[in-house]
Amino acid sequence: MAALETGQTPAERIELEIVRHKLAALTREMGAVVANSAQTWEIAEQRDFALAIADRHGELAAIDNPLQLGSTTFALRAALDAFRFDMKEGDVVALNDPHRGGTHVQDLTLVAPYVVDDAIAGYLVARGHMPDLGGVHAGGHHPAAREVWAEGVPITPVKLRRHDRPVRDVITTIALNSRRPEALLGNLDALLAALRLGRRRGDELVGAHGIARVRAALDHAQGYAERRLRAALRGWADGGYDGERALDHDGAGGGPVHVRVRAEVDGDRLRLDFSGSDAERASFVNSAFGNTVDHALGALLALVDDDVPANGGVLRAVELRCAEGRVVNPRRPAAVGWGPEHCGREVAEACAAALRQACGDGGGAGVGAIASPRPLVTFRPRARRHERTSLTRLQTGGCSAADGRDGWGSPHLLSRAELPSVEQWEAEHGRRIVALRQLPDTAGAGRWRGAPAVETVVELTGEELLTLCACGREIPVAGTAGGGDGGPAAVVLVEDGDGGGARDAPATVVEQPAAPGRIAIAVGGGGGWGDPHERDAELVLADVLDGIVTATAAEAVYGVVIAGGEVDEAATTRARAQREERNDGR
Amino acid sequence: MAVDPITAEIVRSSMESIAAEVVQTMVRTAVSPMFNEAHDCSAGVFYYDGEEVSLVSRADAVPVHIFASLTSVEACLEFFHGDLAEGDVLLVCDPFYGGTHLGDYTVVKPIFIDGQPIFFPSVRAHMLDVGGPVPGGNSPHSTEVWQEGFRFCPLKLHEQGIVRQEIWAWLKANNRLADELEADVAAMIGGCTVGEQRLRDLCARYGVEVVKEALTQVFDASERSLRSQIAAWPDGRYRAESLVDSDYAGGADLPIRVELTIDGDELTADFTGTAAQSPGLVNSVPGNTLSYLYGVFAALCPDVPINSGFFRPLRAVLPPGSVVNPRPPAATAGATVVVGCDVGEAIMKACEQFAPELVGTATIDLCDFWSFGVDARSGAYSIHYDYLCSPCCTGGTAGADGWGAWSPLFCALDLASIEMTEIQYPELYRQAEYTTDSAAPGQWRGSPAYAMQREAYQAAGTVEVTCSVQALRHPLHGYAGGRPGAGNYAIMRHGSDDELVVTEIAFMEPTADGERILWQSGGGGGWGDPLAREPARVLDDVLDELVSPEGARHDYGVVIDPAAMAVDEEATAALRRELRAARAAEPDWIALGRRRTLERTGLLAAPEVAHAV
């Protein structure tokens, strides 16, 4: 708050900054506890969790995972709506309700009050992906789901612990609805341990700086983020900007799903309105509003030039809206299980497309696509319903280029996850990964090229029932500023004894037997940035030597002629001068 | 300190009255027609002596509800051991926490007297929706209990008198009819609260120690009565079976086998040899299986007060991993009225071997209709479970024809009024009547089959219907020479070129306004040889149009002069001699109504016309 800020001495302001950083660091330390002690790969490897510290009003002062800023805030608000006047030290509230600002039922949020001198000074929030919460299929991904109840059990705010003791009927009921109760309870323990750590460190902070200073820092952190964001917005041209991104299909036989956003910049304020998006679908591709906000803010933070901390201050400068009944704000009890992947990523790309225009010549305009489609590919052994193997977990790549940087590895929004280890995966699953490789000529071409498509090939024994939803095959990652699109994603089945013949998997498969053979999944290439003909020829040569670009494509797309392992300068100059106007990157 | 028998009897009948008042409170305050019209709920009073839970009394109860509640109350006490207080109200439903299937919600209210939880009024009711992937909870695709609805262990709805709002909100978030759920559960609690008041009054009047001692005597008296009845039956082993048509998951003709061993005054029911548990939804957890064991013997001993004392001489052997004792996470939505009923039938058939004069159809067979759609008159989402489908399963027994709708164990249920149903649901009924020649023949015949036709009416858009049928291939047994029931079936789009004959299940079949569904609910089995039925009674049946003159000849060997509407005694005697000889060679002869059912459903080819001479 302005009055507080101006009344402070420089020393006090420095101390506030120090505490602000300590709070942010604390959320990361809590995150490390969760990642290192959780039972499931979604948390330990994909890092699908968030730890946050909030002020007394329920606004976040720090969060370790900027991609869950929106949904964590809404979850905290829902918990406080239910229990604001009934929170005691040692209480922990749990909830996952997607239709109350959540994402999907697997994301469970825990809220604990942080109490100092018998008064609530703030809240600690720990959130993580639970392995299974009932529904039709283990894991909760059911393409044909028409209602959230087909995906798992919604949990409205309930107390998991009271006065530091477990509430047995609530905990037992949550575990009872899971096919993997031990793993779920293990993850819960990890989140609770993080909350305990948060309390301990909070006490240390209060001991070192005093409660008044810590409270002020919670507020200062948000004010700071708000000021930084508003300053950035002031640098954008006022006006309205439209962005759109489509998902190939909705997993239940419906055609492309369009996410549309209108971004309005007005001085130091930003409004994002998604009401022009398609109507909600009778499938799992809907994005619950909390998820929509998460992905919209993810795009905003990725494109804002300055380093804006992710906390409630951001929400003060941005207004997010969507009419009810849209695919990005579906009505209860719509299914939303795949929302965090699709069409959440489409939300991010649509926002990026709009905001890039607003950035003008600012730094954000230099950022390419920030996500990439990831097909859902899972299977389970016919005889064991609880064991679900996800091949989506193995998929890497798809990073788009930015101005000044080639794409490498995972795209922005997915960069939090660890890259998987082939050996570890093979040991866990007792089956071979036949190949994990980059595919040539799939990187979106450009002055800066996208990452190439990465193909993973896994053995199938014939004992599996497949569930998959392929996306990104028709609508690849787009290039930016004249760069080419990335190569499409692919899901291909090869049957043993088929003469090696491969066929594209159907768009959606639900619990169907797969013949013995192999399945090959390719995450598409990232989009390129800028004109391929402006790429430094030496870089193109390096791409060719690395097998990312073939010599043929080097000439056809980049206008770079390579002979005898070297760039033929003269031929390259000629080729580039003669080129026809082409914008494909393939 | 013994209590005098008059006081003990007053206490006993007070307990019965209390249970009756609990269920009346429930049905008069609940909002769902399932409860206030059909009375598909049951109340009981349970007693905890510090070591075990006993059933004291029950009223207007469906046995499968209330006997199975015993394991539910036990599960509650076990779960909240060390954490139970006055003013607590508990709710439990999970099949693997002493329940039957997720749809049956049981409210239990512990009554503390002198600081100890002693009595537990309880109401059990089947909720129309319990969340989960499928409205209503029943799907032939279910292979696991997680696919059937929201599961919970025993939960406290009230804690020391305070409403635990967070739990109610959670239950409502997992229910498609959230407001009805809230109102109906509140009605269940209201019933228990009335029960609490009456129990406290009873204990205040006589003193709690007197009441406890009276109950001990009441239990012992029922135990002695059953023991003396068992002792009167000949020792031995008696085997029988009943087959489940289909488990809707690819399994057919599942045998439920039982061997009853009578040894002095003890009886053991051993289900070894019963089918393995099903991948589908018909599995019957022990609470459910035992409820049918108790139910059959309750029917055989109508004068004995039914309480836990009565159950003591009965033991069961339930092979783990069988369809009568499945391992989690088996699906169980169909437990109550599929396998459960065949358990009852198998036991009753075994009893025929030592107590033929007492046996008869005591369970129901399944003809089950769920409709899901939107009522155009209100715009509200509607789930209709149609009770009118399974009413006619009353069988004959020695000295009485089958009469009315439900078989004895289920006759606490009422048929909903058709007029009320048409107001409450977007449906129109076109036919509701007994049919001719469909009663299972016997010296005492079963009730006739009931035929109904119904169509969607004033629905907004498509109404989806799930129709499940059992007891078509393996109908309700006949006893002591009586014939089996005619069997159930349904026909969707009846009368159109596109009829769908349902012999097992039609799942979420779309229907439109004006499309008719017809179904036959076959009656219960007959008792005794049809050729021994008094011709005058057959004539009465003919005059009532329950039997035709052709049926009188075919099934009963009674010749009726149609002009005079009188029995031709000589012709009858002659025909009966002939039929007796023919049937000696073909004891499994098919009754006329049964034959027509088999033909209509395509299970038997069209007949060569063959008249009995």
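How many of the 613 residues of chain B count as buried? I looked this up first: 62% of them do, with buried meaning under 20% relative accessible area, exposed over 50% and partly exposed in between (1.4 Å probe, protein chains only).

**Ground rules.** I note that this is a predicted model, in which local features need pLDDT of at least 70, side-chain atom pairs count only at pLDDT 80 or more, and totals for chains, interfaces and linings use all residues. Residues are numbered from 1 along each chain as its sequence is written, chains are lettered from A and ligands numbered from 1 in the order in which they are written, and side-chain values use heavy atoms, with hydrogens and water left out.

**Confidence, chain A.** I checked pLDDT, the predictor's confidence in each residue from 0 to 100. The average for chain A is 93, and 96% of the residues score at least 70. Over residues 582–586 of chain A it stays under 50. For that stretch the model has 15 contacts (heavy atoms within 4.5 Å) beyond four places in sequence.

**Chain B overall.** I found 14 helices and 23 strands in chain B; these are DSSP runs numbered from the N terminus, helices being H or I of at least four residues and strands E of at least two. The radius of gyration, taken over C-alpha atoms, is 25 Å, which agrees with the value near 25 Å for a compact globule of 613 residues; the globule rule is 2.2 Å times the number of residues to the power 0.38. Of the contacts in chain B with a separation of 6 or more, 72% join residues 24 or more positions apart.

**Helix α12 of chain A.** I went through residues 537–545 and found A:A537, A:V540, A:L541, A:D543 and A:V544 buried. They lie on the same side of α12(A), because they cover an arc of only 160° around the axis, the arc being that of the directions from the helix axis to the C-beta atoms. What do they pack against? I listed α13 (551–558), β21 (562–563) and β22 (566–567) of chain A. Just after α12(A), A:G547 has a positive phi of about 80°.

**B:R151.** I located B:R151 in the loop between β6 (116–126) and β7 (155–159) of chain B. Is B:R151 buried or exposed? It is buried, with a relative accessible area of 5%. Leaving aside neighbours within four places in sequence, its contacts include A:T173, A:L176 and A:N177, and also B:D94 and B:W146. A polar atom of its side chain lies 3.3 Å from the backbone oxygen of A:L176.

Technical notes: A polar contact is a pair of N or O atoms within 3.5 Å; within protein, one must be able to donate a hydrogen and the other to accept it, and residues adjacent in sequence count only if both atoms are side-chain atoms.
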